Amino acid sequence: MTSSARPLLNRRLAEFGTTIFAEMSALALHTGAINLGQGFPDTDGPEEVREAAVRALRDGRGNQYPPGPGVPELRTAVAAHQLRRYGLSYDPDTEVLVTAGATEAIAASLLALLEPGDEVIALEPYYDSYAASIAMAGGTRVPVTLRPDGDGFTLDLDELRAAVTDRTRLLLINTPHNPTGTVLTRAELAAVAELAVERDLLVVTDEVYEHLVFDDAEHVPLASFPGMRERTVTISSSGKTFSFTGWKVGWITAAPPLVAAVRSAKQFLTYVSAGPFQYAVAEALALPESYFTGFRDDMRAKRDLLAAGLAEAGFRVFRPAGTYFVTTDIRPLGETDGLAFCRALPERAGVVAVPNAVFYDHREAGAPFVRFAFCKRTEVLQEAAKRLAAL
(Lines give C-alpha, C1' and ligand atoms only; values in the text may rest on other atoms or scores of the structure.)
Protein backbone atom coordinates (compact mmCIF):
# COMPACT_ATOMS: atom_id res chain seq x y z
CA MET A 1 0.00 0.00 0.00
CA THR A 2 1.41 3.39 -0.92
CA SER A 3 2.31 5.73 1.90
CA SER A 4 1.73 8.81 -0.21
CA ALA A 5 -0.98 11.22 0.88
CA ARG A 6 -2.10 11.52 -2.73
CA PRO A 7 -5.65 10.13 -3.26
CA LEU A 8 -5.80 6.84 -5.12
CA LEU A 9 -8.71 7.87 -7.34
CA ASN A 10 -7.74 10.47 -9.93
CA ARG A 11 -9.33 13.87 -9.54
CA ARG A 12 -11.44 13.55 -12.70
CA LEU A 13 -13.43 10.70 -11.14
CA ALA A 14 -13.31 11.82 -7.51
CA GLU A 15 -16.91 13.04 -7.56
CA PHE A 16 -18.22 9.69 -8.77
CA GLY A 17 -18.78 7.01 -6.16
CA THR A 18 -21.05 3.96 -6.24
CA THR A 19 -23.90 4.58 -8.66
CA ILE A 20 -27.35 5.26 -7.28
CA PHE A 21 -28.60 2.18 -9.13
CA ALA A 22 -26.28 -0.11 -7.17
CA GLU A 23 -27.28 1.55 -3.90
CA MET A 24 -31.01 1.31 -4.52
CA SER A 25 -30.88 -2.24 -5.91
CA ALA A 26 -28.95 -3.33 -2.82
CA LEU A 27 -31.62 -1.65 -0.70
CA ALA A 28 -34.33 -3.54 -2.57
CA LEU A 29 -32.53 -6.82 -1.95
CA HIS A 30 -31.99 -6.05 1.73
CA THR A 31 -35.60 -5.04 2.42
CA GLY A 32 -37.42 -7.30 -0.04
CA ALA A 33 -38.99 -4.21 -1.62
CA ILE A 34 -40.27 -4.07 -5.20
CA ASN A 35 -37.46 -2.60 -7.29
CA LEU A 36 -38.82 0.14 -9.55
CA GLY A 37 -35.49 1.93 -9.41
CA GLN A 38 -33.11 0.42 -11.92
CA GLY A 39 -34.37 0.26 -15.49
CA PHE A 40 -34.31 -3.39 -16.38
CA PRO A 41 -37.27 -5.64 -17.27
CA ASP A 42 -38.23 -8.56 -15.03
CA THR A 43 -38.99 -10.80 -18.02
CA ASP A 44 -36.85 -11.83 -20.98
CA GLY A 45 -37.39 -10.69 -24.53
CA PRO A 46 -38.60 -12.71 -27.53
CA GLU A 47 -37.97 -16.44 -27.34
CA GLU A 48 -36.81 -16.59 -30.96
CA VAL A 49 -34.09 -14.05 -30.22
CA ARG A 50 -32.91 -15.99 -27.18
CA GLU A 51 -32.85 -19.16 -29.27
CA ALA A 52 -30.81 -17.35 -31.91
CA ALA A 53 -28.16 -16.68 -29.27
CA VAL A 54 -28.18 -20.34 -28.22
CA ARG A 55 -27.86 -21.40 -31.86
CA ALA A 56 -24.91 -19.07 -32.38
CA LEU A 57 -23.20 -20.51 -29.29
CA ARG A 58 -23.74 -24.09 -30.45
CA ASP A 59 -22.61 -23.32 -33.99
CA GLY A 60 -19.42 -21.71 -32.73
CA ARG A 61 -20.28 -18.27 -34.11
CA GLY A 62 -18.79 -15.52 -31.98
CA ASN A 63 -17.25 -17.78 -29.34
CA GLN A 64 -13.85 -16.36 -30.28
CA TYR A 65 -13.02 -12.70 -30.91
CA PRO A 66 -15.54 -11.26 -33.38
CA PRO A 67 -14.40 -8.60 -35.85
CA GLY A 68 -13.48 -5.32 -34.16
CA PRO A 69 -16.24 -3.26 -35.82
CA GLY A 70 -18.84 -5.97 -35.04
CA VAL A 71 -20.02 -9.03 -36.93
CA PRO A 72 -21.07 -8.19 -40.51
CA GLU A 73 -24.57 -9.60 -39.96
CA LEU A 74 -25.30 -7.16 -37.16
CA ARG A 75 -23.77 -4.16 -38.92
CA THR A 76 -25.88 -4.96 -41.96
CA ALA A 77 -29.00 -5.33 -39.79
CA VAL A 78 -28.36 -1.97 -38.08
CA ALA A 79 -27.95 -0.23 -41.45
CA ALA A 80 -31.13 -1.88 -42.74
CA HIS A 81 -33.03 -0.77 -39.63
CA GLN A 82 -31.94 2.86 -40.04
CA LEU A 83 -32.92 2.85 -43.71
CA ARG A 84 -36.25 1.09 -43.24
CA ARG A 85 -37.39 3.16 -40.27
CA TYR A 86 -35.86 6.58 -40.87
CA GLY A 87 -34.69 6.69 -44.48
CA LEU A 88 -31.07 7.09 -43.32
CA SER A 89 -28.58 5.20 -45.49
CA TYR A 90 -25.39 3.93 -43.81
CA ASP A 91 -22.62 1.73 -45.19
CA PRO A 92 -22.37 -1.32 -42.88
CA ASP A 93 -18.62 -1.53 -43.45
CA THR A 94 -17.60 2.08 -42.77
CA GLU A 95 -20.52 3.78 -41.00
CA VAL A 96 -21.61 1.27 -38.32
CA LEU A 97 -19.68 0.27 -35.19
CA VAL A 98 -20.86 -2.30 -32.62
CA THR A 99 -20.14 -1.51 -28.96
CA ALA A 100 -20.58 -3.02 -25.51
CA GLY A 101 -23.95 -1.40 -25.03
CA ALA A 102 -24.77 2.27 -25.38
CA THR A 103 -22.67 3.02 -22.29
CA GLU A 104 -19.45 2.12 -24.08
CA ALA A 105 -20.63 3.93 -27.20
CA ILE A 106 -21.05 7.13 -25.18
CA ALA A 107 -17.68 6.75 -23.44
CA ALA A 108 -15.80 5.90 -26.63
CA SER A 109 -17.42 8.78 -28.53
CA LEU A 110 -16.50 11.35 -25.90
CA LEU A 111 -12.99 9.98 -25.37
CA ALA A 112 -12.41 10.10 -29.11
CA LEU A 113 -13.91 13.48 -29.92
CA LEU A 114 -12.96 15.67 -26.97
CA GLU A 115 -9.73 17.41 -26.03
CA PRO A 116 -9.13 18.46 -22.40
CA GLY A 117 -11.02 21.67 -21.71
CA ASP A 118 -13.62 21.22 -24.45
CA GLU A 119 -17.13 22.05 -23.31
CA VAL A 120 -19.97 19.56 -23.72
CA ILE A 121 -23.57 20.73 -23.46
CA ALA A 122 -25.92 18.05 -22.10
CA LEU A 123 -29.60 18.12 -21.28
CA GLU A 124 -30.01 18.04 -17.49
CA PRO A 125 -31.06 15.80 -15.77
CA TYR A 126 -28.81 13.29 -17.50
CA TYR A 127 -27.87 9.65 -17.16
CA ASP A 128 -24.93 9.41 -14.78
CA SER A 129 -22.50 7.88 -17.30
CA TYR A 130 -22.59 11.12 -19.30
CA ALA A 131 -20.92 13.11 -16.54
CA ALA A 132 -18.36 10.37 -15.87
CA SER A 133 -17.48 9.98 -19.55
CA ILE A 134 -17.06 13.72 -20.02
CA ALA A 135 -14.81 13.78 -16.97
CA MET A 136 -12.70 10.87 -18.21
CA ALA A 137 -12.22 12.69 -21.51
CA GLY A 138 -11.10 15.83 -19.68
CA GLY A 139 -14.07 17.81 -20.93
CA THR A 140 -16.19 20.35 -19.11
CA ARG A 141 -19.90 19.63 -18.87
CA VAL A 142 -22.35 22.46 -19.33
CA PRO A 143 -25.89 21.49 -18.29
CA VAL A 144 -28.98 22.92 -19.93
CA THR A 145 -31.90 22.05 -17.69
CA LEU A 146 -35.21 20.58 -18.84
CA ARG A 147 -37.85 22.21 -16.68
CA PRO A 148 -41.32 21.09 -15.54
CA ASP A 149 -44.07 22.35 -17.80
CA GLY A 150 -47.58 20.99 -17.39
CA ASP A 151 -47.48 17.20 -17.58
CA GLY A 152 -43.88 17.02 -18.76
CA PHE A 153 -40.48 18.68 -19.04
CA THR A 154 -39.43 21.05 -21.82
CA LEU A 155 -36.21 22.36 -23.35
CA ASP A 156 -35.64 26.12 -23.39
CA LEU A 157 -34.04 26.67 -26.80
CA ASP A 158 -32.89 30.19 -25.87
CA GLU A 159 -31.07 28.75 -22.87
CA LEU A 160 -29.46 26.15 -25.12
CA ARG A 161 -28.24 28.79 -27.56
CA ALA A 162 -26.89 30.94 -24.73
CA ALA A 163 -24.91 27.99 -23.35
CA VAL A 164 -22.78 27.70 -26.51
CA THR A 165 -19.39 29.42 -26.26
CA ASP A 166 -16.18 29.43 -28.28
CA ARG A 167 -15.08 26.46 -26.14
CA THR A 168 -18.12 24.33 -26.96
CA ARG A 169 -17.13 21.26 -28.93
CA LEU A 170 -20.12 18.96 -28.71
CA LEU A 171 -23.82 18.66 -27.92
CA LEU A 172 -24.85 15.49 -26.07
CA ILE A 173 -28.55 14.99 -26.81
CA ASN A 174 -30.79 12.27 -25.36
CA THR A 175 -34.24 11.73 -26.86
CA PRO A 176 -36.43 9.98 -25.82
CA HIS A 177 -35.02 11.41 -22.61
CA ASN A 178 -34.11 9.49 -19.46
CA PRO A 179 -35.22 10.25 -16.76
CA THR A 180 -37.93 12.78 -17.68
CA GLY A 181 -39.61 10.88 -20.53
CA THR A 182 -39.44 13.94 -22.79
CA VAL A 183 -39.38 13.32 -26.55
CA LEU A 184 -38.01 16.31 -28.45
CA THR A 185 -40.34 17.50 -31.20
CA ARG A 186 -39.41 18.01 -34.84
CA ALA A 187 -39.37 21.75 -34.26
CA GLU A 188 -37.06 21.44 -31.27
CA LEU A 189 -34.74 19.07 -33.10
CA ALA A 190 -34.67 21.37 -36.12
CA ALA A 191 -33.58 24.22 -33.84
CA VAL A 192 -30.85 22.05 -32.29
CA ALA A 193 -29.66 21.08 -35.77
CA GLU A 194 -29.62 24.70 -36.93
CA LEU A 195 -27.55 25.65 -33.89
CA ALA A 196 -25.08 22.80 -34.44
CA VAL A 197 -24.56 23.76 -38.08
CA GLU A 198 -24.31 27.47 -37.32
CA ARG A 199 -21.68 26.95 -34.59
CA ASP A 200 -19.97 23.99 -36.29
CA LEU A 201 -20.58 21.61 -33.37
CA LEU A 202 -20.36 17.85 -33.20
CA VAL A 203 -23.41 16.05 -31.81
CA VAL A 204 -23.71 12.74 -30.00
CA THR A 205 -27.28 11.50 -29.70
CA ASP A 206 -28.39 8.78 -27.30
CA GLU A 207 -31.49 7.20 -28.87
CA VAL A 208 -31.70 3.90 -26.97
CA TYR A 209 -35.42 4.40 -26.28
CA GLU A 210 -36.21 5.05 -29.95
CA HIS A 211 -38.89 2.33 -30.02
CA LEU A 212 -40.58 3.48 -26.81
CA VAL A 213 -42.55 6.58 -27.77
CA PHE A 214 -46.21 6.93 -26.87
CA ASP A 215 -49.39 8.71 -27.86
CA ASP A 216 -48.74 11.48 -30.39
CA ALA A 217 -44.97 11.62 -29.88
CA GLU A 218 -42.59 10.48 -32.62
CA HIS A 219 -38.91 9.72 -32.58
CA VAL A 220 -36.94 11.57 -35.26
CA PRO A 221 -33.16 11.02 -35.44
CA LEU A 222 -31.21 14.25 -35.33
CA ALA A 223 -28.98 12.90 -38.11
CA SER A 224 -31.92 13.18 -40.52
CA PHE A 225 -31.93 17.01 -40.44
CA PRO A 226 -30.05 19.11 -43.01
CA GLY A 227 -26.33 19.38 -42.33
CA MET A 228 -26.42 16.87 -39.47
CA ARG A 229 -25.46 13.51 -40.94
CA GLU A 230 -21.77 14.39 -41.25
CA ARG A 231 -21.53 15.80 -37.71
CA THR A 232 -23.73 13.39 -35.70
CA VAL A 233 -22.86 10.17 -33.89
CA THR A 234 -26.14 8.30 -33.36
CA ILE A 235 -26.16 5.75 -30.54
CA SER A 236 -28.67 2.99 -29.87
CA SER A 237 -28.73 -0.51 -28.43
CA SER A 238 -30.65 -3.74 -28.16
CA GLY A 239 -31.15 -3.85 -24.40
CA LYS A 240 -34.15 -1.55 -24.07
CA THR A 241 -35.88 -2.59 -27.30
CA PHE A 242 -35.59 -6.37 -26.89
CA SER A 243 -35.40 -6.72 -23.08
CA PHE A 244 -31.97 -8.34 -22.99
CA THR A 245 -30.14 -5.66 -21.02
CA GLY A 246 -27.47 -8.11 -19.83
CA TRP A 247 -26.24 -8.80 -23.34
CA LYS A 248 -24.78 -5.30 -23.69
CA VAL A 249 -24.99 -4.97 -27.46
CA GLY A 250 -25.04 -1.40 -28.72
CA TRP A 251 -23.92 0.48 -31.81
CA ILE A 252 -23.19 3.80 -33.40
CA THR A 253 -24.02 5.02 -36.88
CA ALA A 254 -22.10 7.97 -38.28
CA ALA A 255 -20.06 9.23 -41.21
CA PRO A 256 -16.80 7.31 -41.83
CA PRO A 257 -14.43 9.85 -40.19
CA LEU A 258 -16.54 9.85 -37.00
CA VAL A 259 -16.80 6.05 -36.90
CA ALA A 260 -13.04 5.76 -37.42
CA ALA A 261 -12.42 8.18 -34.55
CA VAL A 262 -14.76 6.40 -32.15
CA ARG A 263 -13.37 3.01 -33.15
CA SER A 264 -9.88 4.23 -32.22
CA ALA A 265 -11.04 4.75 -28.63
CA LYS A 266 -13.39 1.76 -28.47
CA GLN A 267 -10.68 -0.75 -29.42
CA PHE A 268 -8.81 0.06 -26.20
CA LEU A 269 -11.89 -0.22 -23.98
CA THR A 270 -13.51 -3.63 -24.54
CA TYR A 271 -11.85 -4.35 -27.91
CA VAL A 272 -14.77 -6.68 -28.73
CA SER A 273 -17.67 -8.18 -26.80
CA ALA A 274 -20.85 -10.27 -26.88
CA GLY A 275 -19.91 -12.31 -29.98
CA PRO A 276 -22.80 -14.82 -30.06
CA PHE A 277 -25.29 -12.19 -28.93
CA GLN A 278 -24.44 -10.00 -31.89
CA TYR A 279 -25.81 -12.64 -34.26
CA ALA A 280 -28.99 -12.86 -32.18
CA VAL A 281 -29.49 -9.10 -32.17
CA ALA A 282 -29.10 -9.08 -35.95
CA GLU A 283 -32.12 -11.40 -36.12
CA ALA A 284 -33.98 -9.29 -33.55
CA LEU A 285 -33.67 -6.15 -35.67
CA ALA A 286 -35.35 -8.02 -38.52
CA LEU A 287 -38.42 -8.96 -36.47
CA PRO A 288 -41.74 -7.95 -38.06
CA GLU A 289 -43.26 -4.59 -37.25
CA SER A 290 -45.87 -6.35 -35.13
CA TYR A 291 -43.20 -7.03 -32.50
CA PHE A 292 -42.26 -3.36 -32.14
CA THR A 293 -45.92 -2.27 -32.09
CA GLY A 294 -46.83 -4.88 -29.48
CA PHE A 295 -43.84 -3.99 -27.33
CA ARG A 296 -44.75 -0.31 -27.40
CA ASP A 297 -48.42 -0.97 -26.66
CA ASP A 298 -47.54 -3.18 -23.71
CA MET A 299 -45.26 -0.53 -22.24
CA ARG A 300 -47.86 2.18 -22.78
CA ALA A 301 -50.42 0.16 -20.81
CA LYS A 302 -47.88 -0.33 -18.02
CA ARG A 303 -47.10 3.38 -18.04
CA ASP A 304 -50.77 4.19 -17.61
CA LEU A 305 -51.16 1.64 -14.81
CA LEU A 306 -48.24 2.93 -12.77
CA ALA A 307 -48.96 6.60 -13.48
CA ALA A 308 -52.52 6.16 -12.23
CA GLY A 309 -51.30 4.40 -9.09
CA LEU A 310 -48.76 7.10 -8.36
CA ALA A 311 -51.35 9.84 -8.82
CA GLU A 312 -53.76 8.06 -6.48
CA ALA A 313 -50.95 7.78 -3.92
CA GLY A 314 -50.58 11.57 -3.94
CA PHE A 315 -47.60 12.15 -6.24
CA ARG A 316 -47.64 14.78 -8.96
CA VAL A 317 -47.06 12.67 -12.07
CA PHE A 318 -45.28 13.84 -15.21
CA ARG A 319 -46.68 11.68 -17.97
CA PRO A 320 -43.75 10.42 -20.09
CA ALA A 321 -43.97 10.63 -23.87
CA GLY A 322 -41.17 8.05 -24.13
CA THR A 323 -38.81 5.66 -22.28
CA TYR A 324 -40.04 3.35 -19.52
CA PHE A 325 -39.74 5.73 -16.59
CA VAL A 326 -42.22 7.98 -14.80
CA THR A 327 -40.90 11.07 -13.04
CA THR A 328 -42.91 12.33 -10.07
CA ASP A 329 -42.89 15.32 -7.75
CA ILE A 330 -43.01 14.41 -4.04
CA ARG A 331 -43.95 17.85 -2.75
CA PRO A 332 -47.70 17.10 -2.71
CA LEU A 333 -46.81 14.41 -0.16
CA GLY A 334 -45.19 17.02 2.06
CA GLU A 335 -41.68 15.92 1.05
CA THR A 336 -38.88 17.95 -0.53
CA ASP A 337 -35.75 15.76 -0.38
CA GLY A 338 -35.92 13.04 -3.02
CA LEU A 339 -32.78 11.26 -1.86
CA ALA A 340 -33.99 10.94 1.73
CA PHE A 341 -37.45 9.98 0.47
CA CYS A 342 -36.06 7.16 -1.70
CA ARG A 343 -33.84 5.83 1.06
CA ALA A 344 -36.84 5.64 3.39
CA LEU A 345 -39.40 4.41 0.85
CA PRO A 346 -38.52 0.68 1.00
CA GLU A 347 -39.29 0.59 4.73
CA ARG A 348 -42.29 2.90 4.45
CA ALA A 349 -43.99 1.30 1.46
CA GLY A 350 -41.95 -1.66 0.25
CA VAL A 351 -41.02 0.01 -3.05
CA VAL A 352 -37.68 1.25 -4.40
CA ALA A 353 -37.37 4.33 -6.64
CA VAL A 354 -34.48 6.55 -7.73
CA PRO A 355 -34.02 10.23 -6.77
CA ASN A 356 -33.64 12.40 -9.84
CA ALA A 357 -31.26 14.75 -8.00
CA VAL A 358 -28.38 12.40 -8.78
CA PHE A 359 -28.89 13.18 -12.48
CA TYR A 360 -28.41 16.93 -11.95
CA ASP A 361 -25.38 19.16 -11.52
CA HIS A 362 -27.83 21.60 -9.97
CA ARG A 363 -28.96 19.18 -7.26
CA GLU A 364 -31.47 21.64 -5.84
CA ALA A 365 -33.33 21.70 -9.17
CA GLY A 366 -33.87 17.94 -9.03
CA ALA A 367 -34.40 17.59 -5.28
CA PRO A 368 -38.20 17.04 -5.29
CA PHE A 369 -38.30 14.62 -8.24
CA VAL A 370 -38.30 10.82 -8.04
CA ARG A 371 -38.21 8.29 -10.89
CA PHE A 372 -40.08 4.98 -11.10
CA ALA A 373 -39.51 2.29 -13.77
CA PHE A 374 -42.56 0.61 -15.30
CA CYS A 375 -40.75 -2.07 -17.36
CA LYS A 376 -42.06 -4.74 -14.99
CA ARG A 377 -44.77 -7.39 -15.05
CA THR A 378 -48.30 -6.05 -14.69
CA GLU A 379 -48.89 -7.83 -11.40
CA VAL A 380 -45.71 -6.32 -9.96
CA LEU A 381 -46.85 -2.81 -10.93
CA GLN A 382 -50.29 -3.46 -9.43
CA GLU A 383 -48.71 -4.57 -6.16
CA ALA A 384 -46.38 -1.56 -6.14
CA ALA A 385 -49.34 0.80 -6.67
CA LYS A 386 -51.17 -0.91 -3.82
CA ARG A 387 -48.21 -0.48 -1.50
CA LEU A 388 -47.67 3.14 -2.46
CA ALA A 389 -51.30 3.91 -1.68
CA ALA A 390 -50.30 3.59 2.00
CA LEU A 391 -48.38 6.85 1.69
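Let's start with helix α1, which covers residues 20-31. The twelve residues of α1 reach 16 Å from the first C-alpha to the last, close to the 16 Å expected at 1.5 Å a residue. Keep in mind as you look around that this is a predicted model.

Which residues of α1 are buried? They are Ile-20, Phe-21, Met-24, Ser-25 and Ala-28. These residues cover an arc of only 125° around the axis, which puts them on the same side of α1. Now turn the helix around in your viewer. The face of α1 turned away from the buried side carries Leu-29 and His-30, which are exposed.

## A sheet of four strands

Next, find the open sheet of four strands, whose order is β11-β12-β15-β14, with antiparallel pairing. Strands β11 and β14 (354-355) stand at the edges, each with a single partner strand, so one side of each is left without a neighbour in the sheet. As background, strands of a sheet pair through backbone hydrogen bonds, either parallel or antiparallel.

Strand β11 (residues 316-318) runs antiparallel to β12, and three bridges join the two. One of the residues to look for is Arg-316, whose bridge partner in β12 is Asp-329. How many residues lie between β11 and β12 in their hairpin? There are six, and Thr-323 in the turn has a positive phi of about 70°.

Strand β12 also pairs with β15 (residues 369-373): five bridges join these antiparallel strands. Asp-329 turns up again here, with Phe-369 as its bridge partner in β15. Further along, Thr-327 of the sheet stands opposite Arg-371 in β15.

## Why β12 is enclosed

Why is strand β12 described as largely enclosed by the rest of the structure? Five of the five residues in β12 (residues 325-329) are buried, so the strand is largely enclosed. In a regular strand the side chains alternate between the two faces of the sheet. In β12, Phe-325, Thr-327 and Asp-329 are on one side, while Val-326 and Thr-328 are on the other. Both faces are covered, and the residues on each are all buried.

## Salt bridges

The count of salt bridges in this model comes to 26. One of them joins Asp-93 and Arg-75, with the closest N and O atoms 3.3 Å apart. Asp-93 lies in the loop between α3 (72-86) and β2 (96-99), and Arg-75 lies in helix α3, so the pair ties together parts that are 18 residues apart in sequence. Are the two partners buried or exposed? Asp-93 is exposed, with a relative accessible area of 55%, whereas Arg-75 counts as buried at 7% relative accessibility.

Other salt bridges sit within a helix. In helix α11 (residues 289-312), Asp-297 and Arg-300 are three residues apart, which separates them by about one helical turn. Their side chains meet at 2.7 Å, N to O. Asp-297 is partly exposed, with a relative accessible area of 31%, and Arg-300 is partly exposed as well, at 25%.

Helix α14 (residues 378-388) holds Glu-383 and Arg-387, four residues apart, or about one turn of the helix. The salt bridge between their side chains is 3.0 Å, N to O. Glu-383 has a relative accessible area of 30% and is partly exposed; Arg-387 is also partly exposed, at 27%. There is a network to find too: salt bridges link Asp-215, Arg-303, Asp-304 and Arg-319.

## A nonpolar patch on the surface

To finish, take a look at the surface. Which residues form a nonpolar patch there? Leu-111, Met-136 and Leu-269 do, and together they have about 240 Å² of accessible area. Leu-269 is placed in the loop between α9 (256-266) and α10 (275-285). At 44% relative accessibility, Leu-269 counts as partly exposed.

How values were computed: Residues are numbered from 1 along each chain as its sequence is written. This is a predicted model: local features need pLDDT of at least 70, side-chain atom pairs count only at pLDDT 80 or more; totals for chains, interfaces and linings use all residues. Side-chain values use heavy atoms; hydrogens and water are left out. Patches are made of residues with over 30% relative accessible area and no salt bridge: like charges are joined within 9 Å, nonpolar side chains (Val, Leu, Ile, Met, Phe, Trp, Tyr) within 5 Å. Accessible areas come from the Shrake-Rupley method with a 1.4 Å probe; for residues, only the protein chains shown count as cover. A salt bridge is a side-chain nitrogen of Lys or Arg within 4 Å of a carboxyl oxygen of Asp or Glu. Buried means under 20% relative accessible area, exposed over 50%, partly exposed in between (1.4 Å probe, protein chains only). Two strands pair if DSSP finds at least two bridges between them. The expected span of a helix is 1.5 Å times one less than its number of residues. The arc is that of the directions from the helix axis to the C-beta atoms.
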